[in-house]
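Keep the structure open beside you as you read.

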Amino acid sequence: MKNILKRTAVSMTVLAALGSSAVAYAEAPSQPNVVLLFADDMGYADAGFQNQSKDVETPNLDRLAASGAILTAGYVTAPVCGPSRAGLTTGRYQQRFGYHNNTGPFVREEGIIQGMPDDQLTFGHYFQQAGYTTGMIGKHHDGKQRHYWPHHRGFDEFYGFNNGAANYFVGPNNQQNVKRKPFSSIYRNDVLDDNFDEYLTDRFGTEAVSFIERHKEDPFFLYVPFNGIHGPLQATEEDLKRFEHIENEKRRKLVAMNYNLDKNIGRILDSLEENDLTKNTIVVFLSDNGGKYEGNYSYNHPLRAEKGTLWDGGMRIPFAISWPGTIPAGQTIDDPIISLDLVPTFAAATNMEVQAEWQLDGVDILPLLKGEEEKLENRFLFWNTSTAGAIRDQDWKLVMPNIRNKRPRVQLFNISNDISESTDLAKQHPEQVKRLQDAWNAWDAENEDAKWGWNKNMFPVETNWRNLNSL
């Protein structure tokens, strides 16, 4: 009864706000659950549904993708962890608030505190306002002070760590680890977790299933940013044995970690099915940036380059979305999609009223996913790492490897026909170079300068790491 009353009350509120035009849609589930699965450093080729890597096994990701849509030109907003997550969670280009780089040793000027601004809302806040229970399980990567942690940023429940990486076998020493690496230890909201025996990816899977079981009677938003398959390369003996035929030891570990990640995604999908929630749950999977072969031995083929760059290998990622009964199964969509599109799409799917002050930068792709539109309107997608820039529309992509030069070098690709960015067409099409540069400059003029980074020449004030790491 609690579930029925809660959903009905919110539905009536939404209907009153939207008027009679919403009545036709009200017969569909007005508040579907949303599960957002976010991998770390998984390359474009390392999800099986991409049909690129022959050595990976991801049967659960494959069934998720088969039940909905594969977005072949799916992007995130940055080629590294922190800013990519800032863009995803806010629905805004993170450059809007100066979050161009991972938090680091240097800041632009005295007084800057590294982390997403306190007044910037996240999708956790948006779902809370719509009556959802919100949970985040996994890797957070933001400012170190506690007020930046997820349970202060729109999530009712947080279980995980706030750092770029963590030991996958930290559990047996979690209490002791906090003395040396406080942000690689596992917390439940503000409380340091007890020691535990599970491999960390398994632990996050267990927590995700527990969240679903405890909140299955009411609408929930569950965000699961796994730290797999980011380094360190640490796999279980059981998973390593499965892939003992892979000769390269580091690649073998990566593929085993990848398989374990997939197993835990399968546990989450199974929990939804066992609780009869599958048709009333939107499930999305994507990675935070591209793979880095010399870092974690993930593959990006056929894309160019890797994590940290603005060629597609840095931020074009495996991306799939499922909502059985609403989004037709077996789709492959080639339109350029970006992680910023998820917040407006979730809002449309859940009858959540988007507020102007959210200042979202993405678009609602639900009509495309449902087959109500054949293509999205042509638009620009933008990237800026504070040292490099890029812009893409439907057919063309411009890469500027060093925007700090007075005359930055540019590379132009017909990206819709040249996925590997192998042929530079800048000299043949100067009109396209100018068009894209002008659009990028106009967009960047609306952004805040980067607040922090790792280049002392750009960020002259050294951060007090003791303060940065203080609890």
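## A covered helix

Leu342, Val343, Pro344, Thr345, Phe346, Ala347 and Ala349 are the buried residues of helix α12. Buried here means under 20% relative accessible area, exposed means over 50%, and partly exposed lies in between, with a 1.4 Å probe and protein chains only. Helix α12 spans residues 342-349 and is mostly covered, with 7 of its 8 residues buried. After α12 comes Asn351, which has a positive phi, near 60 degrees. Helices (H or I, at least four residues) and strands (E, at least two) are DSSP runs, numbered from the N terminus.

Before going on, a word on the source: this is a predicted model, in which local features need pLDDT of at least 70 and side-chain atom pairs count only at pLDDT 80 or more, while totals for chains, interfaces and linings use all residues. Residues are numbered from 1 along each chain as its sequence is written, and side-chain values use heavy atoms, with hydrogens and water left out.

## A residue beside the helix

Ile365 sits in the loop between α12 and α13 (366-369). Is Ile365 buried or exposed? Its relative accessible area is 2%, so Ile365 is buried. Apart from neighbours within four places in sequence, Ile365 is in contact (heavy atoms within 4.5 Å) with Leu71, Ile337, Asp341, Thr345 and Leu376.

## Two packed helices

Two packed helices are described by the angle between their axes and the distance between the axes. For helix α3 (residues 59-66) and helix α9 (residues 249-274), the packing angle is about 50 degrees and the axes are 7 Å apart. That angle makes α3 oblique to α9. Angles under 35 degrees count as roughly parallel, over 145 as roughly antiparallel, 65 to 115 as roughly perpendicular, and the rest as oblique. The axes are lines fitted to C-alpha atoms, for helices over the stretch in contact, and angles run from 0 to 180 degrees between N-to-C directions.

Which residues of α3 and α9 meet? On the α3 side they are Pro59, Asn60, Leu61, Arg63 and Leu64, and on the α9 side Asp262, Lys263, Ile265, Gly266, Leu269, Asp270 and Glu273. By class, this contact of α3 with α9 has 5 nonpolar, 2 polar and 5 charged residues. Ala, Val, Leu, Ile, Met, Phe, Trp, Tyr, Cys and Pro count as nonpolar, Asp, Glu, Lys and Arg as charged, and the others, Gly among them, as polar. Helix α9 also holds Ser271, which counts as buried because its relative accessibility is 1%. Leaving aside neighbours within four places in sequence, Ser271 is in contact with Val209, Ile212 and Glu213.

## Enclosed spaces

On a 1 Å grid over the protein atoms alone, a cavity is a set of points where a 1.4 Å probe fits but cannot get out, and a pocket is an open set with protein on both sides within 12 Å along at least five of seven lines; lining residues have an atom within 4 Å of a point. Grid points are joined across faces, edges and corners, and a volume is the space filled by probe spheres set on the points. How many cavities of 30 Å³ or more are there? The count comes to 5.

The largest cavity holds about 160 Å³ of space. It is lined by 15 residues, and Arg85, Thr89, Met116, His140 and Asp142 are the closest to its centre. Helix α4 (81-90) and strand β5 (133-140) each give two or more residues to this lining, with the largest share, 4 residues, coming from α4. The lining of the largest cavity has 6 nonpolar, 5 polar and 4 charged residues. The second largest cavity has a volume of about 60 Å³, and its lining divides into 3 nonpolar, 2 polar and 4 charged residues.

## The largest pocket

The largest pocket has a volume of about 260 Å³. Of its 15 lining residues, His100, Ser386, Asp449, Ala450 and Met458 lie nearest the centre. The lining of the largest pocket is made up of 6 nonpolar, 4 polar and 5 charged residues.
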